[in-house]
Amino acid sequence: MAQSDPIADYLTRLRNAIQAKHKKVEIPASNVKKEITRILADNKLITSYEVVETENKQGAIRIALKYFNGANVIKGTRRVSTPGRRSYRAVTDLPRVNNGLGLAIVSTPKGLMSDKQARKENVGGEVLCLIW
């Protein structure tokens, strides 16, 4: 079964695991998903992750979700740029999620990065998703 939007599938699997209070979730791997997971780990929104080899060529990303006092650190996610409607922003127009407490993942010419990192490097790009 082919997914038309792999990033939306990634966010849905993450959101479903959070709602079910799972400690870990396994997501089919791709380079974009690996980078998004790395950004989540760098911003301490997940405990850890590892890329595991599976029977198929694609592999999987095993993510350990982070909880604080029984509540998950990730409260919500939203896909901004979809395959049918791309959302590009200049560095001055990058969204601030929850007054800087959340993060926006941006695809820039320098690679995938958080909105804070994009402002620091003074580069805009396609806003992929918001996580708070």
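**Close-up views of a predicted model**

**View 1. Val25 is buried, its relative accessible area being 11%.** Buried here stands for under 20% relative accessible area, exposed for over 50%, and partly exposed for values in between, with a 1.4 Å probe and protein chains only. The model is predicted, and local features therefore need pLDDT of at least 70 and side-chain atom pairs count only at pLDDT 80 or more, whereas totals for chains, interfaces and linings use all residues. Residues are numbered from 1 along each chain as its sequence is written, and side-chain values use heavy atoms, with hydrogens and water left out. Val25 belongs to strand β1, which covers residues 24–28; helices (H or I, at least four residues) and strands (E, at least two) are DSSP runs numbered from the N terminus. Not counting residues up to four places away in sequence, Val25 touches Arg13, Leu14, Ala17, Ile61, Arg62, Ile63 and Leu65, where contact means heavy atoms within 4.5 Å. Of these, Ile61 is 36 residues from Val25 along the chain, and the C-alpha atoms of the two are separated by 8.2 Å.

**View 2. Helix α1 (residues 6–19) crosses helix α2 (residues 31–42) at roughly 45 degrees, and their axes come within 10 Å.** This angle makes α1 oblique to α2, since angles under 35 degrees count as roughly parallel, over 145 as roughly antiparallel, 65 to 115 as roughly perpendicular and the rest as oblique. Axes are lines fitted to C-alpha atoms over the stretch in contact, and angles run from 0 to 180 degrees between N-to-C directions. On the α1 side the contact is formed by Pro6, Ile7, Asp9, Tyr10 and Leu14, which meet Val32, Lys33, Ile36, Thr37 and Leu40 of α2. Sorted by class, this contact of α1 with α2 has 7 nonpolar, 1 polar and 2 charged residues; Ala, Val, Leu, Ile, Met, Phe, Trp, Tyr, Cys and Pro count as nonpolar, Asp, Glu, Lys and Arg as charged, and the others, Gly among them, as polar.

**View 3. Thr77, in strand β6 (residues 77–79), makes a side-chain polar contact with the side chain of Arg15 at 2.6 Å.** A polar contact is a pair of N or O atoms within 3.5 Å, of which, within protein, one must be able to donate a hydrogen and the other to accept it, and residues adjacent in sequence count only if both atoms are side-chain atoms. Thr77 is buried, with a relative accessible area of 13%. When residues up to four places away in sequence are not counted, Thr77 touches Leu11, Arg15, Leu130, Ile131 and Trp132.

**View 4. Asn72 lies in strand β5 (residues 71–72) and is buried at 6% relative accessibility.** The side chain of Asn72 reaches the backbone nitrogen of Ile74 at 2.7 Å. With neighbours within four places in sequence left aside, Asn72 is in contact with Ile18, Leu65, Lys66 and Tyr67.

**View 5. Asn98 has a positive phi of about 50 degrees although it is not a glycine.** Most residues other than glycine have a negative phi. Asn98 is found in the loop between β7 (88–89) and β8 (103–108), and is partly exposed, with a relative accessible area of 46%. Thr108 stands 10 residues from Asn98 along the chain, and their C-alpha atoms are separated by 22 Å.

**View 6. Asn122, a residue other than glycine, has a positive phi near 55 degrees.** Asn122 lies in the loop between α3 (115–120) and β10 (125–131), where it is exposed, with a relative accessible area of 56%.
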